[in-house]
Amino acid sequence: MRLIIFEHEGLQHLYPLTYLRASFELRCGHTTLGEKIRRAAGPVSGTSYWVRDILKPVISKRFTGCAVNDPAMFTGEELLLVDGRVLALEKLPVPVNEGIITHGGCTVIARISAKTAEALDSGNIGSFLESAKRVVPVQEQTVPLIEYPWNLIHHNPEAIAADFKAAGKSGIEGSMDRLSCIYGPADRCYIAKGAEIHPMVVIDTKGGPVTIEKDAIVFPHSRIEGPAYIGPRTQIVGGKIREGCSFGPECRVGGEVEESIIHGYSNKYHDGFLGHAYVCEWVNLGALTTNSDLKNDYSSVEVKIGKTTYDTGSTKVGSFIGDHTKTSIGTLLNTGSTIGVMCLLMAAGAPLPKYIPGFAWFLNGRFSPGAGFKSLLRTAHGAVARRKCSLTEEDTELLRAVYDMTKEERDPLVKRDSKAMLRR
């Protein structure tokens, strides 16, 4: 059986997190959604992917050796197709026989025999699934699905616990100073080989498991509350890490962080609060950058994505910050803020606008055209080089395409604020 992880419907609800990555590359718990799907699927002959055309070059590069957007993946053997937004904390609800599972009318899991697949429209994932629906039994079922950015935050604690159990590791393989302690059940803590726990660190496992991955360093006066996941080579620099946090590889994290997910290579080095937030790659939050995750009237938080504002139904929602965005010292982010890709934000002495489109500069309380795409790209090259990484040609082309995609949102705000400044 071949596993096909696909992007299909509802992706626009996950912007700006999915402008530069596929839905199955979103992190929740220790791993991405795609890694969880592959684990839950069990033994398969291979994995293929179907993504938006704009992502095909970068996904082909990241998943070398796997077929991407190749119609040939639909033929030759039995298929298991899974929507990349499925949160597979347990075994996938795969039909015993040939069948399709829909969630809210949207196909999320399908098992299709090789014989049936040969007769279907294999032009693309959409036509393939639609033609399958006409000949394969369809069953509506509730499936855990990441439909909006805040779903990742709210599922993160249980995902960390599930991933810890699946990994099956506990104990100390790295080094832990004798003046530090595990406060709670010791079997809920795993410190990987090469990880260092300096003096005066408390790892509190009473509320859930804590994993500190290979070559991570936890500096003095840090407290980590489980469930939590500290990724490889990440440094916790005097951090107060509350429950429900996941940090990807090579992050630098300090200050207070609660129930937040930070992708790899992003920095929140200094003091300041980050709560119920999702931060993409290569983000730098300046010293004292703080986001609100609770309204003063305790009402449900609303979040704007594109042109639509959604009621999250939750009172605890922080910020969603796109890749390569930078904030200055003292930046304040309002409850339920959405910040796009490659934004440059300067503190204004008050909370910034709740919605900032991609590649926007917000300086002196106004949207500004900034120095343009080439300048932002030079900064991005410099940022990745500091970690001995590089942007590929495919990365650059994707950034340029997303810059063009977001122009319609960004330009009216820049024109509005430019006119206001001229009237002064």
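The structure is a predicted model. Its largest pocket holds about 1000 Å³ of space. Arg-52 sits in a loop, and helix 6 and helix 7 cross at roughly 140°.

**Largest pocket**

- The lining of the largest pocket is made up of 42 residues, and those closest to the pocket centre are Arg-27, Pro-249, His-263, Tyr-265 and Glu-281.
- At least two lining residues come from each of strand 3 (31–32), helix 1 (33–41), helix 2 (56–62), helix 5 (149–167) and helix 7 (393–405).
- Sorted by class, the lining of the largest pocket contains 18 nonpolar, ten polar and 14 charged residues.

**Arg-52**

- The loop that carries Arg-52 runs between strand 4 (46–50) and helix 2.
- Arg-52 counts as buried because its relative accessibility is 18%, and the cut-off for buried is under 20%.
- Apart from neighbours within four places in sequence, Arg-52 has contacts with Glu-7, Leu-11, Tyr-15, Thr-18, Arg-21, Ala-22 and Asn-69.

**Helix 6 and helix 7**

- Two packed helices are described by the angle between their axes and the distance between the axes.
- Here the axes of helix 6 (residues 373–386) and helix 7 come within 12 Å, and the crossing is right-handed.
- From helix 6, Phe-373, Leu-377 and His-381 meet Thr-396, Leu-399, Arg-400 and Tyr-403 of helix 7.
- By class, this contact between helix 6 and helix 7 has four nonpolar, two polar and one charged residues.
- Helix 7 also supplies at least two residues of the lining of the largest pocket.

Note on methods:
Residues numbered from 1 in each chain as written. Predicted model: local features only at pLDDT ≥ 70, side-chain atom pairs only at ≥ 80, totals over all residues. Heavy atoms only, no water. 1 Å grid on protein atoms, 1.4 Å probe; cavity = no way out; pocket = protein on both sides within 12 Å on 5 of 7 lines; lining within 4 Å. Points joined across faces, edges and corners; volume = space filled by probe spheres on them. Helix = DSSP H or I, 4+ residues; strand = E, 2+ residues; numbered from the N terminus. Nonpolar A, V, L, I, M, F, W, Y, C, P; charged D, E, K, R; others polar. Buried < 20%, exposed > 50% of the residue type's maximum accessible area, 1.4 Å probe, protein only. Contact = heavy atoms within 4.5 Å. Axes fitted to C-alpha atoms, helices over the stretch in contact; angles between N-to-C directions. Left-handed = near helix turned anticlockwise from the far one by under 90°.
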